[in-house]
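Please examine the model shown here, with attention to its confidence scores, to the packing of selected helices and to its surface.

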Amino acid sequence: MSDALSADGSDVNQDDTQEDVMTPAELIAKLEEAWLNEKFSPELLENKSEVVECVMEQLSHMEANLQRVKKGDAKASIHRMEIDRIRFVLSSYLRARLQKIEKFFPHVLEREKSRGEGDPSLLSPEEFAFAKEYYANTETYLKAIALKRMPPNLQTVDMLKAVPEPCLDSFVFLRVKEKQENILVEPETDDQREYVVDLEEGSQHLMRYRTIAPLVSIGAVQLI
Amino acid sequence: WEACVHSNEAKAEGRAELIPSIKLRHCCLLRNQRCLTAYLYDRLLRMRALRWEYGSVLPANVRFHMCAEEVQWFSQYKKSLASFMRSLGGGEGLDLTQDMKPPKSLYIEVRCLKDHGEFEIDDGTVILLKKNSQHFLPRWKCEQLIRQGVLEHVVS
């Protein structure tokens, strides 16, 4: 796969004037990491809009290159498949995010509103607008169809209480990318006591998401 | 909270024996409210699923079962989703309702389940989609029609 990409990527890099340019192969690897993490994590993760934008740019470059190749050439179908695969991964990533935004909409909006100045944002500006519209739309619907006909004291629904929160205690599979020491694991039952584990690079584990959530956001582990 | 107000009034007027009934009535009302909102929200989720699985124009028999507020919700949801998809990648846009499955091959064999008339593919050729006809078409053009039940993917 990286062969097909670098053949087209060399055109891209020559035009690129950014300092921190990634090779196309690295960019796609980052997209796949973000995609897998988002798919398997129970909560919405940090948004990676720079990766999304770069990948879309990459896709349009590849499409443009494809137009230049004459039809019926065998290389064209391989490149076409490449484009389709990358577009699938990107779409799947964005869909996974949208589904989580819709599923946990009041909590997502609350988290975004209450995050600190320097904290990375959870939602891209477009996702934030979508989440707000979804909230308003749903609230309007419930009010118009049912709530306005209820007794005065029952005419609102507390969305934060009504919509369930993501279950951070669900178990996830992970692979360790950077060695970690002294990870504190909470006890499951009353008989157990809390203990620490060391995570070796390259090892794979099944743990509660809550324990390793910070490691996912810094990229020390990869959900699989 | 309202139950507290009523309870306080009952206490103030010396009719404390009413407090349990007030609390019970309030619990019943809350439960009814929860059941209703759960039912209505579940309907919304099904309509949302239809947008993703079927498309942005719902068939008449489905629309028949939707009330005016639901139609309104659906049309607003469609608009939100469309403007989100348009804004992706710095304004270029990406249709997220396509590419729902990992691509396995470029072209697929499809059989037509109902008459759908003429269908144009990228290089300009026009295919007539007649019931029971089979065609070998580019996968990305067929996705939507397969989801709508017009075409069927033939796996031999």
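## Confidence

The complex is a predicted model, and the predictor assigns it an ipTM of 0.81 together with a pTM of 0.82. For chain B the average pLDDT is 83, with 89% of the residues scoring at least 70. Among the elements of chain B, the lowest mean pLDDT, 63, belongs to helix 1 (residues 2-12), whereas helix 4 (residues 68-86) has the highest, 93.

## Helix 8 of chain A

Helix 8 of chain A spans residues 209-218, and its buried residues are Tyr209(A), Thr211(A), Ile212(A), Ala213(A), Leu215(A) and Val216(A). These buried residues pack against several elements of chain A, including helix 2 (24-40), strand 1 (171-176) and strand 5 (221-223). Just after the helix comes Gly219(A), which takes a positive phi of about 85 degrees.

## Helix 6 of chain B

In helix 6 of chain B (residues 139-147), the buried residues are Arg139(B), Cys142(B), Glu143(B) and Leu145(B). Their packing partners include helix 4 (74-103) of chain A, and also strand 1 (107-112) and strand 5 (151-153) of chain B. The residue Gly149(B), which follows this helix, has a positive phi near 85 degrees.

## A nonpolar surface patch

Phe171(A), Phe173(A) and Leu206(A) make a nonpolar surface patch of about 330 Å². Leu206(A) belongs to strand 4 (residues 204-208) of chain A; because its relative accessible area is 47%, Leu206(A) counts as partly exposed.

Methods
Residues are numbered from 1 along each chain as its sequence is written. Chains are lettered from A and ligands numbered from 1 in the order in which they are written. This is a predicted model: local features need pLDDT of at least 70, side-chain atom pairs count only at pLDDT 80 or more; totals for chains, interfaces and linings use all residues. Side-chain values use heavy atoms; hydrogens and water are left out. Patches are made of residues with over 30% relative accessible area and no salt bridge: like charges are joined within 9 Å, nonpolar side chains (Val, Leu, Ile, Met, Phe, Trp, Tyr) within 5 Å. Accessible areas come from the Shrake-Rupley method with a 1.4 Å probe; for residues, only the protein chains shown count as cover. A salt bridge is a side-chain nitrogen of Lys or Arg within 4 Å of a carboxyl oxygen of Asp or Glu. Helices (H or I, at least four residues) and strands (E, at least two) are DSSP runs, numbered from the N terminus. Buried means under 20% relative accessible area, exposed over 50%, partly exposed in between (1.4 Å probe, protein chains only). Contact means heavy atoms within 4.5 Å. pLDDT is the predictor's confidence in each residue, from 0 to 100.
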